[in-house]
Amino acid sequence: MKAAMIGLGKMGGNMARRLIRDGHQIVGYNRSPELTRELAESEGMQAAFSLDEVLENLTQPKVVWIMIPAGNPTETVIDSLSHLLEDGDIIIDGGNSNYQDSIHRGEKLAKKGVKFIDVGTSGGIWGLSEGYSMMVGGEKDAVKFITPLLETLAPDKEKGWGHVGSIGAGHFVKMIHNGIEYGMMQAYAEGFDILRAKGDFQLDLQQIAEIWRFGSVIRSWLLDLTAQALEENPDLDGIKGWVADSGEGRWTVFESIDLDIPAPVITAALQARFASRIEENFAAKILAAMRNQFGGHAVKKK
């Protein structure tokens, strides 16, 4: 199958590699020409250096898969493609777009006869070797047409991916997936922090992670990665405890509020990420000041 891949960063580039190695013909385009040339030279990808050149090298129906940051970058590329594509062509957004944006984009493209598929994609830098978990939203006929691509990218032709619903459903399911991920990661982080604090036992955190990896009810890929990180850097030297959030966690919390569904673990995990970025905690200063005012408790000075 011939398709285009727009966005050849770590994830998009590895997806292009996996597709090419399985025999698919990929026309690749990236804002950075160097990445485009690199994949063309190393993998035999057909290089393109503009959206017009991408589309010139595709046959109809043209399939364009984009893997670029959510928000304005995705909106800009889809808007540009909408003026270049024709009736029956397909745009796939495999990034972490908000599902509501995907619904609007699908409606807008449908007026021009262009089909839209949202693919919530998980797998990160390991997807090249392990395959990607993909949650797919879109019309059945469009999803059926791109199934050869999905089967190649997935861990197995029949596992790790699925058509979960109409346009927007793919990114909605991926959003909840990432919210769950926040909670799981926070639980591991807190547990290992408590283990480390118990100085009496001089616990080896990497050893414990390895024990838990096999047979334990809390074994997971996240634990595998934790064990690997601790093996490479037992004290995590050089790593600042500053944790970003890419949006899906907070979107999940917003959705839980809109649906009146309690989600205390995911919400607390999101708040913990916010707290990790505070250089000087003013709220804690207020608490200290109040304790001093009502009880004369000592206040620590800088």
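## Aromatic pairs

In this predicted model, the structure holds three aromatic pairs. One of them joins Y99 and F172, whose ring centres lie 4.9 Å apart with the planes at 80°, so this pair is edge-to-face. The two residues come from distant parts of the chain, since Y99 belongs to helix 5 (residues 99–110) and F172 to helix 9 (residues 169–197), 73 residues apart. Y99 counts as buried, with a relative accessibility of 13%, whereas F172, at 26%, is partly exposed.

Another pair is formed by W126 and W221, with ring centres 6.5 Å apart and planes at 85°, so it is also edge-to-face. W126 sits in the loop between strand 6 (115–122) and helix 6 (127–130), while W221 lies in helix 11 (residues 221–232), so the pair ties together parts that are 95 residues apart in sequence. W126 is partly exposed at 31% relative accessibility, and W221 is partly exposed at 42%.

## Charges over rings

Aromatic rings also take part in contacts with charged side chains. The charged end of R273 sits over the ring of Y182, 3.6 Å from the ring centre, and the charged end of R277 sits over the ring of W242, at 5.5 Å from its centre.

## The chain as a whole

The protein chain contains 14 helices and eight strands, and its C-alpha trace spans about 75 × 40 × 35 Å along the principal axes. Of its 302 residues, 40% are buried. Among the contacts with a separation of 6 or more, 63% are between residues 24 or more positions apart.

Technical notes:
Residues numbered from 1 in each chain as written. Predicted model: local features only at pLDDT ≥ 70, side-chain atom pairs only at ≥ 80, totals over all residues. Heavy atoms only, no water. Helix = DSSP H or I, 4+ residues; strand = E, 2+ residues; numbered from the N terminus. Buried < 20%, exposed > 50% of the residue type's maximum accessible area, 1.4 Å probe, protein only. Contact = heavy atoms within 4.5 Å. Phe/Tyr/Trp six-rings, centres within 6.5 Å; stacked < 30°, edge-to-face > 60°. Lys NZ or Arg CZ within 6 Å of the ring centre and 35° of its normal.
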